[in-house]
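The following paragraphs lead the reader through one structure, beginning with a feature of its surface and ending with a single residue. Please keep the sequence and the coordinates in view while reading.

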Amino acid sequence: MKYLCQVWFEPSVLERMRNGEKKKLDRDSLGYDEDLVASGHMIHAEALQSPKSAVTIRVRNGEVSVTDGPYAETKEQLGGFILIEANDLNDAIRVAAGIPLAKLGSIEVRPVCTFG
């Protein structure tokens, strides 16, 4: 079954990190991605640009509204995702717990809905 692991964190946490800490986090993250490929869990992963680059779109009563930035009531912002293949939710949780950014933010694990 496919699971989406959404990577959430406070951008200010990354902004406060020293260069060496950021480079280690990048190396650890890429290394974990390689481990997921080798284990057969990885389907696809992407990091997202800063939340400052986002726009939020809403359509209400046929009118399109565009707002700069993400609209969230939380300090954490979506920073990326990893789409995995896992045997079940417990397997997906185990995989998500290994994502290095889980130590700085949170990982939301959600089953992918299949239609048809």
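Strand 3 contributes the largest share of the nonpolar patch, three residues. The members of this surface patch are Val55, Ile57, Val59, Val64 and Val66, and together they have about 470 Å² of accessible area. Strand 3 (55-60) and strand 4 (63-68) each supply at least two of the patch residues, and Val59 belongs to strand 3. A patch here joins residues with over 30% relative accessible area and no salt bridge, taking nonpolar side chains (Val, Leu, Ile, Met, Phe, Trp, Tyr) within 5 Å; a salt bridge is a side-chain nitrogen of Lys or Arg within 4 Å of a carboxyl oxygen of Asp or Glu. Accessible areas come from the Shrake-Rupley method with a 1.4 Å probe, and for residues only the protein chains shown count as cover.

The model is predicted: local features need pLDDT of at least 70 and side-chain atom pairs count only at pLDDT 80 or more, whereas totals for chains, interfaces and linings use all residues. Residues are numbered from 1 along each chain as its sequence is written, and side-chain values use heavy atoms, with hydrogens and water left out.

The chain comprises three helices and six strands, in the sequence order β-α-α-β-β-β-β-α-β. Helices (H or I, at least four residues) and strands (E, at least two) are DSSP runs numbered from the N terminus. Along the principal axes, the C-alpha atoms occupy a box of roughly 50 × 45 × 20 Å. Of the 116 residues, 27% are buried (under 20% relative accessible area; exposed is over 50%, and partly exposed lies in between, with a 1.4 Å probe and protein chains only).

The largest pocket has a volume of about 580 Å³. Its lining counts 26 residues, of which Phe9, Ala47, Leu48, Gly79 and Leu101 are the closest to the centre. A pocket is an open set of points on a 1 Å grid over the protein atoms alone, where a 1.4 Å probe fits, with protein on both sides within 12 Å along at least five of seven lines; lining residues have an atom within 4 Å of a point. The volume is the space filled by probe spheres set on the points, which are joined across faces, edges and corners.

Helix 2 gives the most to this lining, six residues. Elements that each supply at least two lining residues include strand 1 (2-9), helix 1 (11-16) and strand 5 (77-85).

Helix 2 also contains Ser39, which is partly exposed, at 43% relative accessible area. Between Ser39 and Leu14 there are 25 residues in sequence and 28 Å in space, C-alpha to C-alpha.

Conventions. Patch = residues over 30% accessible without salt bridge, like charges linked within 9 Å, V, L, I, M, F, W, Y side chains within 5 Å.
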